[in-house]
Structures are given as C-alpha cells and as structure tokens.
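Please keep the structure in view while reading.

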Amino acid sequence: MKNKSLQKNLISYSFILPSLIGFLVFMVYPIVYSLVISLMDWNMFKGLPGSKFVGLKNYFSVFKNEYFIEGFKNNIKFTFMAIPLLLVVSLLLAVLLNRKVFARGFTRMLYFAPYIATITAAAVVFSVLFHPVFGPINGVLRSMGIDNPPQWIGSIKYALFTVALFWVWKNLGYCIVIYLAAMQSIPKSYYEAARIDGANSISQFLHITLPLISPTTFFLLVTNVILSLQIFPEMKVMTNGGPGTSTMSIVFHIYRTGFENFKMGYASAVTWVFFLIVISVTIVQWIGQKKWVKY
Amino acid sequence: MINDKKSLLGRLASLTFILVGAGIVTIIPIIWMISASFKYEAEVFSVPIKWIPDYLFLGNYIFAFEKFPYLDWYLNTIKVTVMVVLFNVVFSSMAGYAFAKLKFVGNNLIFFIFIATLMIPLEVRIIPQFVMFRHFDMINYHSSVYLPWIFNAFAIFLMRQFFVTVPDELIEAARIDGCSEYRTFLQVVMPLAKSSIMALVILSFTWGWNSYLAPLVYINDMKKQLLAVGIDLFKTQYVENYGPQMAGATLALLPVIVVYLIAQKSFIEGIALSGIKG
C-alpha cells in the first residue's frame with residue numbers, strides 16, 4: 001500500500017521534473033548567486049575566489065550614483081507619460097470596435113500588428129521616422145507650414161516622449177484585444193435594460209461598461225506598469241540613452257554598468273533595488289485597487 | 001422607418017471609416033518601412049512621400065546581405081524560436097497538468113512558489129546566469145538563450161488554468177481502462193487542450209523571436225547572433241544608410257508578419273486567453 005502511493009507520487013513528480021530542474025538551475029540558483037555577487041567587489045575574470053566581500057557597500061553606492069538617479073526619474077516620467085495614454089486610447093478604440101462596424105476583424109488585425117513586430121526592428125523604423133532633420137514626420141510637418149517642428153529623439157525635451165509614443169504604439173493592440181474580450185463577456189441584457197430606462201450610450205458606458213471592466217483595467221494597469229519600468233531595448237535602439245541621459249532607464253543603467261563596465265557587483269545591487277521598486281509599485285496598486293475596482 | 005435605417009447605416013459607415021482610418025495610421029510605419037527599403041538613398045526622405053517607388057530598387061537588400069550575415073541570423077533565430085516553443089509546450093503542459101489533476105506531496109506549495117517567481121524580473125537573473133554560462137563555457141552557444149525556457153511559470157499557469165476545466169471523470173475512466181498516467185495525458189487530455197496549446201505556441205513564438213536581452217549579453221559572435229540584436233548592430237554601424245536600415249528592418253519583420261497574417265485569428269485569441277485571470 002505504502003509502496004503504491006510512493007510510486008504514484010514519483011509518477012506525478014516526473015511530470016513536473018523538467019520544470020523543477022529549470023526552476024532550480026535558472027531561478028533559485030541565479031537569485032541566490034545574484035545576492036552573493038551584489039555583496040562583493042566582483043572580479044569578472046577570477047569569479048568568486050578572486051572577489052572581495054564588501055557588505056552593503058554596493059547598495060549604498062546605488063543611491064549615490066547620478067546615473068541611477070537619472071534613470072529612476074526617467075522611469076517614473078516614462079510610466080506617467082505612457083500608461084495613461086495607452087489605457088485611454090486602447091479603451092476608446094476597444095469601445096468603438098465593440099460596436100457594430102464593418103470589417104471589424106480586419107481593423108482589429110491592423111491594430112494588433114505592431115504588437116507582434118520585433119521590437120528592435122520597429123524601433124529602428126521609428127528612429128528614422130522621427131529623425132529631427134530628415135525624418136518624414138518632420139518633413140510632413142514642415143510641408144504643412146510648421147517651421148520649427150519638435151526635434152523628437154534629437155532633443156532632451158522630447159526624446160523620452162518619443163520613446164513613449166513608440167511604446168504605446170507597440171502595446172496598443174494587446175490592450176485592445178484584452179479589453180474587447182472583457183467587454184464581450186458583459187451580458188447584453190444590462191444594456192437593454194439601461195436603454196429601456198432611457199440611458200444614452202455615454203451613461204451606459206460610464207455606468208455599465210466602465211465598472212464591469214474595471215478588473216481588466218486593473219490587470220492591464222499592473223502588468224503594463226511593470227513592463228514600462230523594464231523598458232530598455234526601445235531606448236538602446238532609438239536613442240542609446242541620449243541625448244545626454246534623457247532616455248536612460250534603470251535597466252539601461254544595469255546593462256551599462258554590468259556588461260559594458262563589468263562592475264557586476266554594483267550592477268547586481270541595482271537589480272535588487274530595481275526589484276524592490278517594482279514590488280513596491282505593484283503593492284501600492286494592489287492597495288489602491290479597493291477604491292475603484294469592482295468585482 | 002426608412003430614414004431610421006439610413007441614419008443607422010450612415011453611423012455604421014462613419015464609425016467604420018474612423019476605425020479603419022486609425023488602423024491604417026497604426027500600420028503606416030510598417031508600410032513606410034517596406035516602401036523605403038526599395039528606394040534609393042536620395043528618395044527615402046522625399047516629401048510628399050511616394051508610397052510606391054517608381055521602380056523597385058533592390059540595392060538595399062543586396063547591401064544588407066553582403067555586409068551582415070543575415071542568413072545566419074535567420075537560421076539562428078529560427079533554431080532558438082523552435083526550441084523555446086518546444087520547451088514551453090512540452091514541459092509547461094506536463095507541469096500544468098500535474099498541478100491541475102495529479103495528487104502528490106507539496107502540489108499546492110510548489111505551484112505557489114512557481115507563481116511567486118513571476119514577480120522577479122529577468123534583469124535580476126541575467127548577471128548570475130552570465131557568470132554561470134561563462135563558467136560552463138556556454139557563452140556564444142544558443143543553448144544559453146533557450147535553455148532557461150525549460151521553466152516558465154506563466155506558461156505553466158496558463159496550461160493549468162485549462163487542465164482544471166477537464167472533467168475528472170474522463171481521466172478516471174481512462175485510468176480504469178488501464179491507461180498509464182503518461183498515456184492518459186498524451187492521448188486523452190492533450191487532444192482536448194488544442195486551443196490552449198495553440199495559444200501557447202503563438203505566445204512562445206513571439207517570446208523566442210523577440211529575445212533581445214539574453215542574446216545581447218550571452219552572444220557576442222557576429223555569426224551566432226539573433227535577428228533582434230543583429231538589426232541593432234546593423235543600425236549602429238550604418239547610421240547614415242537609411243535605405244539599407246529599412247531593408248534590414250523589413251527582413252527582420254517579414255517572417256513575423258507572414259506568420260501573423262496566416263494565423264492572426266489564433267494569435268489574437270491566444271493573447272486574449274493569456275489575459276483572462278484565474
């Protein structure tokens with residue numbers, strides 16, 4: 001009897017074995033190792049035996065590093081620029097797409113195309129489109145009589161916003177698809193009842209659609225805020241962090257210090273500070289959801 | 001009555017017009033890219049924009065292929081993507097099924113810990129993994145990019161959410177008929193999961209094809225590089241050659257766009273499915 005249950009357990013474990021091995025080798029081990037590295041003056045060539053334990057020194061230098069502080073500020077600015085724009089525009093388009101229109105499938109396909117496009121390739125295209133001198137965007141603006149169009153990726157003022165535009169363009173389709181799925185699960189009878197009571201489409205939207213999809217809005221908010229904090233390839237390709245440090249993000253800072261300057265002890269400390277930032281932002285949102293998410 | 005219908009039709013048409021218009025604006029960058037890739041350098045930025053060049057100039061593509069190992073990049077990217085899809089579908093389905101339907105000591109606890117790892121960003125693991133891969137001489141091998149995908153908590157979660165909905169009676173019946181656990185999984189349960197598997201195939205295809213940070217860090221041999229990083233290298237070296245840049249971008253985008261056009265319905269359904277919370 002006991003043998004049989006042991007055998008049953010072993011068979012069950014064999015199903016999760018590959019994932020378990022992956023979990024130990026590519027999750028647990030790196031996480032522990034990362035903590036160790038972050039406490040060291042890490043020597044890339046000699047590894048652990050050639051590195052000196054320095055305690056929390058790396059963590060203290062994170063908060064003193066000007067590039068980190070710049071990156072942190074840019075991350076916050078970026079999230080505040082990109083997230084409201086992304087959610088409002090995708091909600092608006094999803095509401096319209098949810099109505100009776102011709103060629104809905106075709107239109108949905110158009111909006112979704114950027115989402116599957118390779119980030120770096122699309123970023124190359126945007127960096128040319130928004131080129132301050134030659135770019136077709138400014139070309140068209142000038143031909144419309146605007147003499148001094150924004151310098152986009154070439155100016156400290158607009159570079160981060162241009163990257164945000166690209167990021168919103170790229171993720172719009174995803175949010176629309178998720179919103180549409182949520183809207184289609186709202187029973188039609190709610191709207192019929194509201195219509196009988198004389199509610200117009202705007203108040204239907206405000207009092208039926210908006211509250212009923214608030215869990216979806218919350219889901220999109222949390223996941224996209226995390227994604228927006230992790231922004232890096234977009235900036236590496238479009239602006240390489242510049243001009244100056246105007247499009248430098250925390251992950252960019254991790255990449256620079258870790259893999260260009262090979263200060264891996266310090267870079268590991270930044271990854272943990274970054275992790276704490278992501279977690280705190282998410283926790284704040286979880287607490288805040290009680291005020292506006294209706295389940 | 002007729003007037004009513006007319007105004008309804010009018011509203012329908014104008015709404016469609018707005019939506020299709022905004023949709024076309026959305027894909028204009030992609031159209032511009034393809035169009036510019038077939039133009040002479042001098043023509044690329046001419047305003048008003050000529051969407052269809054007078055004749056197709058292939059020089060940009062020839063330039064891209066001559067200067068950079070695009071063909072290698074393609075093959076490498078395909079190889080990595082296939083492995084990522086395979087790992088995700090096979091291993092995450094197995095684990096998802098075990099967590100949903102099999103009884104074993106620690107089932108819930110292990111699942112909870114797995115899900116908790118979703119909170120940890122990739123950036124935390126990239127440095128220690130780099131040190132580890134260097135130690136085992138795996139730098140410049142594609143396995144350093146795809147091997148970590150044997151564990152994917154999100155995919156396990158997605159598959160578990162589906163397997164939970166499979167009726168227990170079905171699995172019980174297969175067991176009574178003498179099927180082993182493995183056969184039950186392969187021949188009874190997996191065929192039911194077709195749409196979830198399709199969704200996972202599509203999601204992991206985009207993960208694999210768009211891998212950026214891992215190949216950027218783990219691979220530094222030009223010939224072994226992947227497309228997503230390659231196109232960035234191309235840009236940095238030929239900053240002033242915009243035509244070839246667009247040809248390079250088109251080459252990197254084309255396969256995804258083709259796959260997307262063929263399977264767009266599954267793509268969109270798969271993504272919608274991934275957003276449904278359990």
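pLDDT is the predictor's confidence in each residue, on a scale from 0 to 100. It applies here because this is a predicted model. Chain A averages a pLDDT of 91. In that chain, 99% of the residues score at least 70. Confidence in chain A is highest in α3(A), at a mean of 95. It is lowest in helix α4 (residues 104–116) of chain A, with a mean of 85. Where pLDDT is low, predicted coordinates should not be read in detail.

**Interface**

The two chains meet through 73 residues of chain B and 73 residues of chain A. On the chain B side, several helices each supply at least two residues, among them α1 (2–37), α4 (70–101), α11 (194–209) and α14 (242–262). α1(B) gives the most to this side, with 14 residues. By class, the side of chain B that touches chain A has 54 nonpolar residues. Another 12 are polar and seven are charged.

**A helix pair in chain A**

Helix α3 (residues 66–97) of chain A packs against helix α7 (residues 159–184) of chain A. Their axes lie 7 Å apart. The angle between them is about 40°. That angle makes α3(A) oblique to α7(A). The crossing of the two helices is right-handed. The contact of α3(A) with α7(A) involves 22 nonpolar residues, three polar and one charged.

**Backbone sites**

Most residues other than glycine have a negative phi, and most peptide bonds are trans.

Pro243(A) is in the loop between α11 (233–238) and α12 (250–260) of chain A. Trp152(A) also sits in a loop, the one between α6 (136–143) and α7 of chain A. Asp137(B) is placed in the loop between α6 and α7 (143–146) of chain B.

Key
Residues are numbered from 1 along each chain as its sequence is written. Chains are lettered from A and ligands numbered from 1 in the order in which they are written. This is a predicted model: local features need pLDDT of at least 70, side-chain atom pairs count only at pLDDT 80 or more; totals for chains, interfaces and linings use all residues. Two residues are in contact if their C-beta atoms, placed from the backbone, lie within 7 Å. Helices (H or I, at least four residues) and strands (E, at least two) are DSSP runs, numbered from the N terminus. Ala, Val, Leu, Ile, Met, Phe, Trp, Tyr, Cys and Pro count as nonpolar, Asp, Glu, Lys and Arg as charged, and the others, Gly among them, as polar. Axes are lines fitted to C-alpha atoms, for helices over the stretch in contact, and angles run from 0 to 180 degrees between N-to-C directions. Angles under 35 degrees count as roughly parallel, over 145 as roughly antiparallel, 65 to 115 as roughly perpendicular and the rest as oblique. A crossing is left-handed if the near helix is turned anticlockwise from the far one by less than a right angle, and right-handed if clockwise.
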